[in-house]
Amino acid sequence: VSDAVTPRAETGSGWYVYGVVPAAAASDELLTGTTAIDASGAVAFVADGELAAITSVVPLAEFGEAAIKQNLHDGVWLEQKVTGHEAVLETALARAPLVPFRFGTIYRGEEQVRQMLRANAYLSETLQRLRGTVELGVKAFLDPEEFERGQLGDASEEPGDSGRAYLLRKQRDRQLAEARAAFTAVFAQESHDRLAAAAEDARANPVQRPEVSGGEMILNGAYLVRSDREEAFRTALATLQSINQPEGVRYELTGPWPPYNFVDVEPEQ
Amino acid sequence: MSKQLAQHEVTLLELVDRVLNKGVVLTGDITLSVADVDLVYVGLRVLLASVATLEEGPADGGR
């Protein structure tokens, strides 16, 4: 390699791991149409025992220890690679249960990938648990103005700028804020419980800050749903939507996703 | 057009939220730390802000 590189840039290749599927399902068919996260590699299995890792070879000049951390801050690079990681997993997900790995898990060689599979044979049980399921995401947002309208109904605002009008407005604002806090707390739990009832497993993740999510998020849930119960889950969500829309709530459904939220070893809730 | 953009932002955020924060975390020979990932959100906001700027176009002509 004669290209000029910064002194600390690594050379050579690494094995990028997207996720793990049962070795029994690891046919070429499963990867048909996939594009590797780096164009220099092709998506291929590395198998050991009952497990097969979905991998592709990546250049360490771009994915090495220092390089990848730097590249994460390049928004365009990040979007491309994160989208690429997801696309490979979604292709496989359509045909086999899979355990998604977090972005950026890289091994120095094929043998190291096999070692990882041997050391984590418990993933077979995880795959068994996930068989026939998908992850669906539900976020709920509250429109403060709509909520306000819903609370006030037709009650008209005390007009004018007299001291009395001012005090009434202050009092109204305080009552609205209290009503909103109470609604949000009850709402999040109720919505999550109803959706969880239509799912095999559920996670209520912390809501995202408004500057990230672009609105007042009051629910950030992930649900593990059996493929044959997906319709029932959507119906449950539609029911919630019709109940809570007048209060200014908007739900957002995403997925199906690889079960990113259901492969941790956290204690059951 | 701007509605399409909003959808795109939501999807990318959803994606980053899952692909970078969730999934099985095993110690690879190269692995990203939580701190690395936290910093990504900063970069992402910069990206989304710049996309929004492109979408709106130059506000006061060729600057």
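Me: In which strand of chain A does Tyr18(A) lie?

Reply: Tyr18(A) lies in strand β1, residues 13-22. Strands are DSSP runs of E with at least two residues, helices are runs of H or I with at least four, and both are numbered from the N terminus. The model is predicted, so local features need pLDDT of at least 70 and side-chain atom pairs count only at pLDDT 80 or more, while totals for chains, interfaces and linings use all residues. Residues are numbered from 1 along each chain as its sequence is written, chains are lettered from A and ligands numbered from 1 in the order in which they are written, and side-chain values use heavy atoms, with hydrogens and water left out.

Me: Why is Tyr18(A) called buried?

Reply: Buried means under 20% relative accessible area, exposed means over 50%, and partly exposed lies in between (1.4 Å probe, protein chains only). Tyr18(A) has 0% relative accessibility and therefore counts as buried.

Me: Which residues does Tyr18(A) touch, leaving out those up to four places away in sequence?

Reply: A contact requires heavy atoms within 4.5 Å. Among the residues that Tyr18(A) touches are Ala36(A), Ile37(A), Val43(A), Ile54(A), His85(A), Leu89(A) and Phe101(A).

Me: What makes the pairing of the side chains of Tyr18(A) and Ser56(A) a polar contact?

Reply: A polar contact is a pair of N or O atoms within 3.5 Å; within protein, one must be able to donate a hydrogen and the other to accept it, and residues adjacent in sequence count only if both atoms are side-chain atoms. The side chains of Tyr18(A) and Ser56(A) make such a contact at 2.8 Å.

Me: Why does Lys81(A) count as buried?

Reply: Lys81(A) has 9% relative accessibility, so it counts as buried. The residue is placed in helix α3, residues 75-93. Its side chain reaches the backbone oxygen of Ile37(A) at 2.8 Å. Beyond its neighbours within four places in sequence, Lys81(A) is in contact with Ile37(A), Asp38(A), Glu62(A), Phe63(A) and Phe103(A).

Me: What makes Ala177(A) partly exposed?

Reply: The relative accessibility of Ala177(A) is 46%, and therefore Ala177(A) counts as partly exposed. Ala177(A) belongs to helix α7, residues 163-197.

Me: Is Glu252(A) buried or exposed, and why?

Reply: Glu252(A) counts as buried because its relative accessibility is 18%. This residue is found in strand β9, residues 249-257. The side chains of Glu252(A) and Arg250(A) are joined by a polar contact of 3.1 Å.

Me: What is the form of the peptide bond from Gly255(A) to Pro256(A)?

Reply: That peptide bond, from Gly255(A) to Pro256(A), is cis, with omega near 0°. Pro256(A) is found in strand β9.

Me: Why is Trp257(A) called buried?

Reply: Trp257(A) has a relative accessible area of 5%, so it is buried. Trp257(A) also lies in strand β9.

Me: How does the radius of gyration of chain A stand against that of a compact globule?

Reply: The radius is taken over C-alpha atoms, and the globule rule is 2.2 Å times the number of residues to the power 0.38. A compact globule of 269 residues would have a value near 18 Å, but chain A has 24 Å. The C-alpha atoms of chain A fill a box of roughly 80 × 50 × 30 Å along the principal axes.

Me: What share of the residues counts as buried in chain A, and what share in chain B?

Reply: In chain A, 45% of the 269 residues count as buried. In chain B, buried residues make up 40% of the 63 residues. Chain A has nine helices and nine strands, whereas chain B has two helices and zero strands.
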